[in-house]
Structure formats: C-alpha cells, structure tokens
Amino acid sequence: MYLSTSEVAAELSVTPRQVRRSAAGGRFAATTYGVSRAFSQRQVRARERTAHRGRDWTTMVQNAALDLLVTGTTTELSGSERSRLKRRIRSYETGALAGQILRDRVTLRRASSDEGRSKFASTLAGELGLSAGGGLGVLVALDSHRVARAARLGLDDSGDIAVVEGDESHRRALEALVLYAYGDSRESSAAAEWLRSAQRSL
C-alpha cells in the first residue's frame, strides 16, 4: 500500500514540504505520478524507526561500528576513538544506531519469482526465532547493485528484498539492522533484541 505526501507527513510528524524535500534530495524513495508522489509503507516505517539527530557518521565510523557489533573490536579507529564509539553505541537507541549505519546503504528490490526470492532468505532468521522462508530477504554485497542486477532483482520501493552495500564479514549485524528497520513488527522486534544484546556486550 502506498501513502500520499500528506499521509507520510502526518505519520512522521513533519510537514509535507519536509517530505517533498527529502524525496527530492534522494533521502526518501518515492514513486512519482505526474506531480504527485506515492511512498511505500515499508519505506515510511523504516524512516520512522531509524530517525536520528546529530551529525551523520562517516563511512569509516559506520564500518568501525559494524566491526564492534560483530566482533567487539575494530582496527578502523585508534584507542580513544574506539572507546568513544563503544560508549556511543552502548548509549544509542536501536533506531538511531540503525539510522546511522544504514544511511545510503539500502535499496529495496523484488524477485521475479518465489524461487528467486528464496535465495535471499535471511541467514540470521533462525537465530532470531523467525521462519527462514518468509519475511524480508536480505542481500549483502560490496557491489550490491551489480549483484542485484545479475540476480534479476527489480527496483521496487516496497520490495521484499533489502539490498545492502556492505562487507560479508558484517553480514549478521547488517541483517539485524535491516530486519529492524524494514521488517514487519515480528522481524523488527526480534532484530532489536539481537542488536540491544550486541550493544550491551561492548
């Protein structure tokens, strides 16, 4: 289901102008019909869940945060910077953390068949207590757009496969972040618990 600009503005407690500016700036995916825009509920839900304040993290800080979430350590930052980032990650709300790390990394796509869709089932689903066959699919790759095109995944801003730009070594954290942001309520809740546990362990 798609929402109008005014419906999105009401949902996010912002003005319609802010929604239009975000869409024009590429920070919010929208389908354009003449002069009107339509926004997918999945995109609106993700935007709502990942809202954050403050300066956006650099790619280096995003990768260091992913290292910390997966292994508890990172070589991306020096000792004092690493300690500050650990404290920041521990204190961040899950949504703000997801917003900082996923910024400009995710596109939604759709497979042409159920068989094609099943290739991208989340590897973290079993650990989260979710059914492996259903729900949001996830593709993580360094050149994610090329891999998605090769797999014949069509761009679809309400799609059921999240294509994430990232390193395979960060797969578990990226899957949890994507399931939290873009998944249904059950996926989001299970992923949030996984992420909170990773945050507390730092």
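Predicted model: local features only at pLDDT ≥ 70, side-chain atom pairs only at ≥ 80, totals over all residues.
Trainee: OK, and what percentage of the residues count as buried?
Mentor: Of the 202 residues, 47% do.

Trainee: What about charges, how far apart are the mean positions of the positive and negative ones?
Mentor: They're 6 Å apart, taking 31 positive and 23 negative charges.

Trainee: Switching to the fold: how many helices and strands are there?
Mentor: You'll find 11 helices and seven strands. The radius of gyration is 17 Å, close to the 17 Å that the globule rule gives for 202 residues, so the protein is as compact as a globular protein of that length.

Trainee: What box do the C-alpha atoms fill?
Mentor: Roughly 55 × 40 × 30 Å, if you take it along the principal axes.

Trainee: And the contacts, what share joins residues at least 24 apart?
Mentor: That's 68%, counted among contacts between residues at least 6 apart in sequence.

Trainee: How do strands pair in a sheet, anyway?
Mentor: Through backbone hydrogen bonds, and the strands can be parallel or antiparallel.

Trainee: So do strand 4 and strand 6 run parallel or antiparallel?
Mentor: Antiparallel, with two bridges joining them.

Trainee: New topic, backbone angles. What's the phi of Asp104?
Mentor: It's near 65°, a positive value in a residue other than glycine.

Trainee: Where does Asp104 sit?
Mentor: In the loop between helix 6 (94-102) and strand 4 (106-110).

Trainee: Is Asp104 buried or exposed?
Mentor: Exposed: its relative accessible area is 68%, and the cut-off for that word is over 50%.

Trainee: What about Arg152, what's its phi?
Mentor: Arg152 isn't a glycine, yet its phi is positive, at about 60°.

Trainee: Which loop holds Arg152?
Mentor: The loop between helix 9 (144-150) and strand 6 (154-155).

Trainee: And is Arg152 buried or exposed?
Mentor: Arg152 is exposed, with a relative accessible area of 68%.

Conventions
Residues numbered from 1 in each chain as written. Heavy atoms only, no water. Helix = DSSP H or I, 4+ residues; strand = E, 2+ residues; numbered from the N terminus. Rg over C-alpha atoms; globule rule 2.2 N^0.38 Å. Buried < 20%, exposed > 50% of the residue type's maximum accessible area, 1.4 Å probe, protein only. Contact = heavy atoms within 4.5 Å. Lys, Arg positive; Asp, Glu negative; His and termini not counted. Charge placed at Lys NZ, Arg CZ, Asp CG, Glu CD. Pairing = 2+ DSSP bridges.
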